[in-house]
Amino acid sequence: MVSFSGFLCLTKSFPSVSEVLRESGAGSWRRPGTGHGSLGALFFCLCLVTSQSWTAESSQDALSWMEKMEVAAKKRSLISFADFIHGLEWRLLNVSFGGHNLTLKTHTIQTLAFKLGCNFTGLSLSSDTLERVPQAQARHAMQFPAELTRDACRTHTRELRLICIYFFTSHFFKKDINSSLLNNYVLGAQLGHGPVNNLSDRVNISFWHNQSLESYTVTCVFWKEGASKDYWGAWSPEGCLTEQPSPSQVLCRCNHLTYFAVLMQLSPAPVPATLLAPLLYISLVGCSISIVASLLTVLLQFYARKQSDSTTRIHMNLNSSVLLLNVAFLLSPVWAVPGSACTVLGATLHYMLLSCLTWMAIEGFNLYLLLGRVYNIYFRRYVLKLCAVGWGVPAFLVLLLLATNSSVYGPHRIPLSDSQRNGTDFQNMSICWVRNPDVHSVLVMGYGGLMSLFNLVVLVWALRVLRRLRVQEKPPGPRACRDTVTVLGLTVLLGTTWALAFFSFGVFLLPQLFLFTIFNSFYGFFLFLWFCSQRCRAEAEAEAEMEAFSSSQAMHRSPL
């Protein structure tokens, strides 16, 4: 299609062909008073018309491709969305257009192309100054630093091409399993055909929402191709910093170019950033002490395994699970980056937590047998069956999750709020853990809740049984002290302090954080103290029995 300016060029700048022939004489193509200049102008205008026609057709090809993408997204076409997006990128990088920029839009996609030189000083784009897209209701903006073209200009002195592709739908990208995309916006940028990485002056991408985001955990992510086995990519937070200048704005500061979005997840009140240091210190010290204490307890119990009964072996399995749980917990933040290592570590941490909770419940079941069924408590291969439950059931659950969807495990972000700054700043604190909220609700909180409820019922019942046994006696001070120690020991042994996890709301949040961290990070150490007290008590009872036996033997030997 010939543009209007090209049409004016043809009609106003040149005479008709017959006029040229008539005035030139002798068949010459020279117009009187013009010479050969008119022919050069004619050639230039024809080139201009041809280039404008090619520009229109080229941009129309890109626009048609965008419309085709929308149709494919609605119909869930079998063609890979990666092919569609790469095809759109290629067309935008090779499209010819006049001026310095080109803008195309459809109902859910908007594209921009810019011609840049090595004297690039930066570029700011805002939805307020761009053409409105029907599907785009919330504001957005991108800011590119002057450093953007530095590496490209070292190897290419020709003109550079910056393209921006804005998707106002999430159909072309896989949704995160435990989060949703803010506004369903995906904003992308690319400089030429090569990658742009490790920018010291970061690219700023701003997202706004119509309502406050204070009740959500927001994370800036980018689309990483090849990061998923089931799809053409996955969301990753690498190289991006998340900030919230205001309750309704999210600022992503990333050191590379690709497709960016904001993952948002409904979450409880974030942990104050000022409490992070003391909580981490308590966890580090407590878990380290518990690892040493659990290791000593397991070694001592293993050394005495020939003389031990089923109860001691149950204690040994519980201490082993606590030992491995603390080790996995300390390693979890170190490997909290997307990858198979974090997936394996997250699954291991989940498995050890389930095993620990299961062995706590087994301790409660064994206590019920000891106090409730004094006689007839023999079971064939009793400890082996308990091991199948304590180690086998958690393994089955975790392996089932890995087989169905391995992305259940990975980096899990802990929201931290900083009230001293303007607005709320969510920092990057991550551990390898369960990422799916449904799995977390069922197989962490639900599973732990059932085990804790069972042990609380057993603890209350055991205390009533002990009180009934002592009711007709008048225990002296030492016996009362021993009973108190027994109650505290049973409370620790049954892991009832883990029930504090259900009080992380409202006014209970801060006390719960410290109490839960203290009691459960030192849990292995408390079990060691319980083991030492039980061993001292057993030795004292054995010594008392020996003294009583010696006294009786002496009485039998004495003459009447």
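I take buried as under 20% relative accessible area, exposed as over 50%, and partly exposed as in between, with a 1.4 Å probe and protein chains only. The model is predicted; local features need pLDDT of at least 70, side-chain atom pairs count only at pLDDT 80 or more, and totals for chains, interfaces and linings use all residues. Residues are numbered from 1 along each chain as its sequence is written, and side-chain values use heavy atoms, with hydrogens and water left out.

I then checked the partner of Cys240, which is Cys254, joined to Cys240 by a disulfide with an S to S distance of 2.2 Å. A disulfide here is a pair of cysteine sulfur atoms within 2.5 Å. The link of Cys240 and Cys254 is right-handed, with 115° about the S-S bond. Cys240 lies in strand 11 (residues 240-246) and Cys254 in strand 12 (residues 249-254), so this pair ties together parts that are 14 residues apart in sequence. Helices (H or I, at least four residues) and strands (E, at least two) are DSSP runs, numbered from the N terminus. Cys254 is also buried, with a relative accessible area of 1%.

**Other disulfides**

I noted four disulfides in the structure. One of them joins Cys118 to Cys153, with the sulfur atoms 2.3 Å apart. The torsion about its S-S bond is -110°, a left-handed link. Cys118 sits in the loop between strand 2 (109-116) and strand 3 (123-126), and Cys153 in helix 5 (residues 150-155), so the bond ties together parts 35 residues apart in sequence. Cys118 is partly exposed at 43% relative accessible area, whereas Cys153 is buried at 18%.

I next examined Cys342 and Cys432, whose sulfur atoms are 2.3 Å apart in a disulfide. The torsion about the S-S bond is about -125°, so this disulfide is left-handed. Cys342 belongs to helix 8 (residues 340-372) and Cys432 to strand 17 (residues 430-434), so the pair ties together parts that are 90 residues apart in sequence. Cys342 and Cys432 are both buried.

I also looked up two further cysteines. Cys164 is buried at 0% relative accessibility, and Cys287 is buried at 3%.

**Nonpolar cores**

I define a nonpolar core as a set of buried Ala, Val, Leu, Ile, Met, Phe, Trp, Tyr and Cys residues joined through side-chain atoms within 4.5 Å. The largest has 42 residues, of which Phe144, Leu148, Leu162, Tyr166, Leu191, Ile205 and Leu257 touch the most other members. Strand 5 (residues 160-167) gives the most to this core, namely four residues. For Leu148, neighbours within four places in sequence aside, I listed contacts with Phe120, Leu162, Leu191, Val196, Leu199 and Leu257; contact means heavy atoms within 4.5 Å. A second, separate core has 41 residues, including Val322, Ala328, Ile431 and Met451. In soluble globular proteins, nonpolar side chains tend to be buried together.

**Confidence**

Finally I checked pLDDT, the predictor's confidence in each residue, from 0 to 100. The protein averages 79, and 77% of the residues score at least 70. Residues 1-37 stay under 50, and the model has 29 contacts for them beyond four places in sequence. Residues 42-56 are likewise below 50, with 14 contacts in the model beyond near neighbours in sequence.
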